[in-house]
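Visitor: I have the sequence and the fold open. Could you walk me through some details, one question at a time?

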Amino acid sequence: MDRLFEFVVNHYILASLFVAFLVAILILESRRGGAKISAQAAVSLINRDEAIVVDIRDRKEFGEGRITGSVNIPLNSLKSRASELKKHQDKRIIVADKMGQHSAMAVKQLNAEGYANVVRLNGGVADWRASNLPLVKK
């Protein structure tokens with residue numbers, strides 16, 4: 001640890017560049033997947049009928065518990081089934097997955113299909129469950 005501190009002091013320009021690049025990469029990666037929305041904000045939009053939830057988990061996980069009113073379109077078939085969301089084009093589309101890891105890819109695919117008002121649920125259904133919000137079981 002002492003050697004690290006000594007290296008940073010002796011090469012402060014190099015260390016500063018490293019930190020700047022690290023921050024730039026973190027900001028770029030966080031914006032790449034689209035905007036995030038919290039579970040509480042999603043509840044507010046859903047209750048006012050201003051949003052539709054697209055659950056990209058597979059059918060088995062979807063059956064174990066889903067957000068009320070959500071539409072199940074698995075990630076691997078999202079591109080071919082994106083036209084099913086045309087009737088909800090005027091609403092905000094909230095993409096939810098298991099833990100928030102794959103929703104960025106779904107947001108990209110939906111943006112490429114022409115949907116502009118797409119956000120992802122921060123933390124996915126796991127965060128929804130952790131916030132003690134209800135899930136419906138089939």
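Predicted model: local features only at pLDDT ≥ 70, side-chain atom pairs only at ≥ 80, totals over all residues.

Visitor: How many bridges join β2 to β4?

Guide: Two strands pair if DSSP finds at least two bridges between them. β2 and β4 run parallel. The number of bridges joining them is 5.

Visitor: And in β3, what is the bridge partner of valine 54?

Guide: Strand β3 covers residues 71-72. It runs parallel to β2, and 2 bridges join the two. The partner of valine 54 there is valine 71.

Visitor: How many of the 5 residues of strand β2 are buried?

Guide: Buried means under 20% relative accessible area, exposed over 50%, partly exposed in between (1.4 Å probe, protein chains only). In a regular strand the side chains alternate between the two faces of the sheet. In β2, Ala51, Val53 and Asp55 are buried on one side, Ile52 and Val54 on the other. Strand β2 (residues 51-55) is therefore largely enclosed by the rest of the structure, its buried count being 5 of 5.

Visitor: Which residue forms a salt bridge with aspartate 55?

Guide: A salt bridge is a side-chain nitrogen of Lys or Arg within 4 Å of a carboxyl oxygen of Asp or Glu. Here the closest N and O atoms are 2.8 Å apart. Both residues of the pair are buried. The partner of aspartate 55 is arginine 57.

Visitor: How many residues apart are glutamate 61 and lysine 98?

Guide: These two form a salt bridge, with the closest N and O atoms 3.6 Å apart. The pair links distant parts of the chain: glutamate 61 sits in helix α4 (residues 59-64), lysine 98 in the loop between β4 and α6. Glutamate 61 is partly exposed at 23% relative accessibility, and lysine 98 is partly exposed at 49%. Their separation is 37 residues.

Visitor: On helix α6, what arc do the buried residues cover?

Guide: Helix α6 spans residues 103-112, and its buried residues are Ser103, Ala104, Ala106, Val107 and Leu110. Their arc puts them on the same side of α6. The arc is that of the directions from the helix axis to the C-beta atoms. It is only 160°.

Visitor: Is aspartate 49 buried or exposed?

Guide: Aspartate 49 lies in the loop between α3 (39-47) and β2. Most residues other than glycine have a negative phi, and most peptide bonds are trans. Aspartate 49 has a positive phi of about 60° although it is not a glycine. With a relative accessible area of 52%, aspartate 49 is exposed.

Visitor: What is the relative accessible area of asparagine 132?

Guide: Asparagine 132 is found in the segment after α7 (124-130). Its phi is positive, near 60°, and it is a residue other than glycine. Asparagine 132 is exposed, with a relative accessible area of 70%.

Conventions
Residues numbered from 1 in each chain as written. Heavy atoms only, no water. Helix = DSSP H or I, 4+ residues; strand = E, 2+ residues; numbered from the N terminus.
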